[in-house]
Amino acid sequence: MNNGSNRTIDPSCREKPPLAMDIILKLDIFGIILYSILTFMAAVSVLLFIEECIYVYRKVPSNKKSVIIWVNGAAPVIATMSCLGMWIPRATMFTDMFSACYFAIVVFKFLILMLEEVGGDQAFLKRAARHKLKISTGPCCCCCLCLPFAAITRRSLFLLKLGSFQFALLKTVFTILSIVLWTNGTFDVADLEITGSAIWINPFVGILTIIALWPVAIMFMHLRVTLRTLKIVPKYAMYQLVLILSQLQTAIINILALNGTIACTPPFSAAARGYMMSQQLLILEMFIIKLVTRLLYRRHYDPLPEEEEEHDDNENTKMVAVPASA
């Protein structure tokens with residue numbers, strides 16, 4: 001019964017997600033078409049990524065090959081994991097964890113990508129020696145306009161890298177820990193009790209995410225004018241879009257499912273149906289993002305022109321910062 005009514009709850013709404021074979025046997029014509037199209041999109045995303053890897057290895061300087069491949073792999077990896085989660089609902093927790101771990105590495109790699117586009121650490125320090133970093137930016141300190149500007153030194157650059165690298169490392173560590181606890185029956189993403197491990201691990205990972213995104217935002221705000229000809233603004237927009245769709249959108253849908261806002265539809269429980277909707281949306285969204293990023297990154301990678309001494313007075317027109325005397 002529910003709220004005094006005589007309506008009964010289907011037993012499948014309380015069961016685990018169905019097996020892959022159960023889904024296949026119960027697919028109608030619309031389901032077959034939907035699953036086929038989404039699987040095709042995921043496969044095309046992977047093929048485009050492979051083709052782009054071949055292009056990068058042939059046309060791109062060696063110092064940029066690795067980071068470009070890592071960053072471009074975000075959309076096809078998430079689409080592939082979402083496709084596996086769509087066909088095998090009981091593996092959704094693991095596919096989501098793998099996607100999140102990969103994107104944690106992409107956050108760090110995107111920071112390195114911006115540095116490599118300038119010419120590397122040495123070239124960045126040389127160009128920015130007379131300037132300072134604006135640290136009052138999102139997602140941590142966008143409202144703290146009173147924060148002082150930070151000097152650009154090897155130490156500050158190391159701290160920026162460390163701020164993003166910690167997420168790539170600790171996210172993997174907490175994912176392994178979550179899987180170990182899950183095998184012991186003490187980790188459940190749907191368990192929101194104070195005694196559950198998920199209620200402690202997930203918020204802490206969220207804090208690590210915010211900390212990791214902050215250095216990337218600082219570096220982008222500093223280099224967005226310098227790298228404007230290299231289309232860094234739309235590249236950053238695509239990176240942010242992958243973050244929002246793979247993390248925030250998925251979290252919102254899952255919360256709605258756990259609260260009962262998304263109804264149960266046998267053989268899927270409300271939570272399993274929420275996960276299924278999230279996977280299907282991600283496949284479509286990552287396919288579109290992959291098409292866009294392919295256009296952005298498929299170009300000639302010529303180095304930026306060296307700064308001339310007589311142009312030092314106009315440096316602020318090329319690099320967003322303030323003079324060191326500020």
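Predicted model: local features only at pLDDT ≥ 70, side-chain atom pairs only at ≥ 80, totals over all residues.
Let's walk along the chain. The order reads α-α-α-α-α-α-β-β-α-α-α-α-β. The protein has 326 residues, and 46% of them are buried.

Now, let's look at a pair of helices. How do α2 and α4 run relative to each other, parallel or antiparallel? Helix α2 covers residues 29-59, helix α4 covers residues 74-87, and their axes cross at roughly 150 degrees. Angles over 145 degrees count as roughly antiparallel, so that is how α2 and α4 are described. Their axes come within 9 Å, and the crossing is left-handed.

Next, please turn to helix α7, residues 154-183, where you will find phenylalanine 158. Is this phenylalanine 158 buried or exposed? Its relative accessible area is 51%, and the cut-off for exposed is over 50%, so phenylalanine 158 counts as exposed. Leucine 162 also lies in α7. With a relative accessible area of 40%, leucine 162 is partly exposed.

Both residues belong to a nonpolar patch on the surface, together with Leu159, Phe165, Leu169 and Val173.

One last stop at leucine 162: phenylalanine 108 is 54 residues away from it in sequence, yet their C-alpha atoms are 8.8 Å apart in space.

Conventions. Residues numbered from 1 in each chain as written. Heavy atoms only, no water. Patch = residues over 30% accessible without salt bridge, like charges linked within 9 Å, V, L, I, M, F, W, Y side chains within 5 Å. Areas by Shrake-Rupley, 256 points an atom, 1.4 Å probe, with all protein chains shown as cover. Salt bridge = Lys/Arg side-chain N within 4 Å of Asp/Glu carboxyl O. Helix = DSSP H or I, 4+ residues; strand = E, 2+ residues; numbered from the N terminus. Buried < 20%, exposed > 50% of the residue type's maximum accessible area, 1.4 Å probe, protein only. Axes fitted to C-alpha atoms, helices over the stretch in contact; angles between N-to-C directions. Parallel < 35°, antiparallel > 145°, perpendicular 65-115°, else oblique. Left-handed = near helix turned anticlockwise from the far one by under 90°.
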